[in-house]
Amino acid sequence: MQLIKNKQLTQDDWVFIEDEAALNADFNIVSWTRWQAECRPLSSQDNLGLRLESDAIIEDIAASLDSFALIELHIPVFTDGRAFTHARILRDRYGFTGDIRVSGDFMLDQIFYLQRVGISSFVVNDNESADKVIAVMDDFSVQYQDSVA
Amino acid sequence: MYQYTDKDQTLVDERAAQFRDQTERFLKGEIADDKYRALRLMNGVYIQTHAPLLRIAGPYGLLSSKQVRKLASIARDYDKGFCHFTTRQNIQFNWPALERIPDILEELASVQMHAIQTSGNCLRNTTSDQLAGVAIDELEDPRPYCEIIRQWTILHPEFAYLPRKFKIAVSGSEQDRAATQFHDIGLHLVKNDQGEIGFKVFVGGGLGRTPIIGQVIRPFLEKKHLLSYLEAIVRVYNIYGRRDNKYRARIKILVREAGLEEVTQKVEAEWQQIKAQLEVSESRITDMVAEFAPPAYDINAAQDTSYTNSLSNDSAFATWVKHNTAEHKVDGYRAVYISLKAPDVPPGDCTDSQLDAIANLADDYSFGMVRTTHRQNLVLADIKQADLFTLWQKLDTLSLATPNIGKATDMICCPGLDYCGLANAGSIDIAQNINDLLDSMDYIHDLGDLKINISGCMNGCAHQSVGHIGILGVDKKGVEWYQVTLGGSSENDAAIGERLGPAVSKDDIAPVIKTLLEVYLEQRNHEDESFLAMVNRVGVSPFKEKVYAAN
């Protein structure tokens, strides 16, 4: 996998840790399930990220957002558009300023919209051209709706 | 008519370029079938029985003569010389080659048209009343609001991957001519007790497999909150709409399963959070209303006397005026329906030469504008009474003056088995058979207002469940059969038709319709009792007895 962040191919320091495994990376991402079970010990961790699946209820997560430096929105299948709303609410309503990355089954042609709703980094397959990923972010020079700043 | 700004033009140009790139990548094998499918659908491209189908947006049904000429040239250059007008005021081509669709999108962009979001699980074309701006029962012209909604829907970054398609219709008149109660969101311009005009908002209506009448989610919405309220509804739908079963994914199912109260509460809570940031300013509304300012009507139009003379001297003309024209809010003008339901033509089809001729007639007589209707006809909305006779003669030579608007042979019909990959049964040939049986215009006029809708499968593109008579094609072990419903309506008295009884065979369906009409003529209370009124009075039983006894 490769990471495109702020329109650049970037080294990915973050590692998703399975629920039973120890947090052994410098930058650990945990699931919402794990966070709910272990929030007390985890809250002392620096550089913690949270992975959300598409059935997440952002309102439930809002109170814990300060504990995370990164949110990963994991898209199970590209037709599931809930992450678009999740990103927007995380930014607009709860003022999350950390990195929001998207992973899973999204396609190149969704990246333009994803960045507009507040996604700041993209985990893409190695066979995807990073140049193309960056290029499609400028597919349109005009828009009718406000984008997340 | 709304004219594109540089921004609008840039957007459709860039969209055409984007789709060209996507199609080239697909043809090179760089995009998987299922992913390209989602992309092409959002550009109006279906893969059908014979060839791709391209659906072009007709925003709220309004077209300029220049746009109509472009449709004619596309029909000639890329298709087999005709196009099809749909129940959502869109335009379809049945025979374009996939490789050439990016070229067609560029051609469309050159006349301020596009095919953006005419299919797919996204915000679709906003539809409206074909008599918008001229209807005598209109509170306010809905089109400025339609255009504001159109812009909000186009490339909305949050709502391109909804659980299912999402359709919005707006009406500004007392009589609902836009089937608003059968849309995901229906908007009615209404006046509140303080005399302010705003929107009554319906949610959760829809046709297809599970026809449901929309319910009022907000009796009055101030205009400035139009977009924030729509955004709140669609956002709630995007999060809570079902994604596990495509037949349970429309917002109507969410409303039915969660209940109107819970959906309303979620929408209102969401709306409170966003209403301040998404206000439509008064100046934006004023500017948009100005885009739809009335044309320069002739204030002396009513002084013409030739019209009344022609009416009394030519009974064929008088018949056409009676059935194919509507009252206009300006004295001395009428709105003219162009019937795309000639007996020997698939309902809603129009040839390239007819399109060119219609564009010329629009330029000569109707300020260069044409409208499409959700019953698959066209309208020239602003015809001086002095011009009606000449216009009628010209339409007649074009086979566009069949005096059957709102009558039995003004059928809504989907492409059916002839073109559509989803169809279970033919529909165009059923319309043809019914036309053959109803070959007397006097008989058709005697039947009065009658809406027959024919769909070739339960997806219901031709709105069969709201036809006064609905015909639904079903497949029984590889054979085409037809279910009949009675008493549906998509107007103010919105209703879902009731099943007549067991399905009938293809050979029997036209005779069954004939039997239904005979029962009506025998048993109506008086000549003014419409077919629908009689069904509402007596139910389906008298019809059922006759049909299943005879067949």
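Student: What does contact mean when residues of this predicted model are compared?

Tutor: The model is predicted. Contact means that heavy atoms lie within a set distance of each other. That cut-off is 4.5 Å.

Student: Among contacts in chain B between residues at least 6 apart in sequence, what share joins residues at least 24 apart?

Tutor: Contacts within 4.5 Å are considered. In chain B, those between residues at least 6 apart in sequence form the set, and the part of it that joins residues at least 24 apart is 68%.

Student: What is the corresponding share in chain A?

Tutor: For chain A the set again holds contacts with a separation of 6 or more. Residues 24 or more positions apart account for a share of 52%.

Student: Why can chain B be called as compact as a globular protein of its length?

Tutor: Chain B contains 18 helices and 21 strands. For its 551 residues the globule rule gives 24 Å, and the radius of gyration of chain B is close to that, so the chain is as compact as a globular protein of that length; its value is 23 Å.

Student: Which radius of gyration does chain A have?

Tutor: Chain A has 5 helices and 8 strands, and its C-alpha trace spans about 45 × 30 × 25 Å along the principal axes. A compact globule of 149 residues would have a radius near 15 Å. Chain A agrees with this, at 15 Å.

Student: Which strands stand at the edges of the sheet in chain A?

Tutor: In chain A, 8 strands form an open sheet with mixed pairing, in the order β2-β1-β8-β7-β6-β5-β4-β3. Each edge strand has a single partner strand, so one side of each is left without a neighbour in the sheet; these strands are β2 (8-10) and β3 (14-16) of chain A.

Student: Which residue of β8(A) stands opposite K5(A)?

Tutor: Strand β1 (residues 2-5) of chain A pairs with strand β8 (residues 121-124) of chain A in the antiparallel sense, over 4 bridges. The residue of β8(A) opposite K5(A) is S121(A).

Student: Which strands of chain A does helix α3 lie across?

Tutor: Helix α3 of chain A comprises residues 82-93 and runs at about 165 degrees to β6(A). The strands that helix α3 lies across are β6 (70-75) and β7 (99-104) of chain A.

Student: In strand β4 of chain B, which residues point the other way from F82(B) and H84(B)?

Tutor: Strand β4 of chain B covers residues 82-85, and F82(B) and H84(B) point one way from it. The residues on the other side are buried, as are F82(B) and H84(B). They are C83(B) and F85(B).

Student: Which residue of β13(B) stands opposite C83(B)?

Tutor: β4(B) and strand β13 (residues 349-351) of chain B are antiparallel partners joined over 3 bridges. In β13(B), the residue opposite C83(B) is C350(B).

Student: Which residue takes a positive phi in the hairpin of β4(B) and β5(B)?

Tutor: β4(B) also pairs with strand β5 (residues 91-93) of chain B, in the antiparallel sense over 2 bridges. The hairpin has 5 residues between the strands, and a positive phi near 65 degrees is taken by Q89(B).

Student: Which three residues supply 25% of the area that chain A buries against chain B?

Tutor: In the interface, 28 residues of chain A are in contact with 37 residues of chain B. The area buried between the chains is about 3000 Å², and carbon and sulfur atoms give 57% of it. On the side of chain A, the three residues that supply more than any other three are Y113(A), F140(A) and Y144(A).

Technical notes. Residues numbered from 1 in each chain as written. Chains lettered and ligands numbered in written order. Predicted model: local features only at pLDDT ≥ 70, side-chain atom pairs only at ≥ 80, totals over all residues. Heavy atoms only, no water. Pairing = 2+ DSSP bridges. Axes fitted to C-alpha atoms, helices over the stretch in contact; angles between N-to-C directions. Rg over C-alpha atoms; globule rule 2.2 N^0.38 Å. Buried < 20%, exposed > 50% of the residue type's maximum accessible area, 1.4 Å probe, protein only. Buried area = accessible area lost by both parts, 1.4 Å probe.
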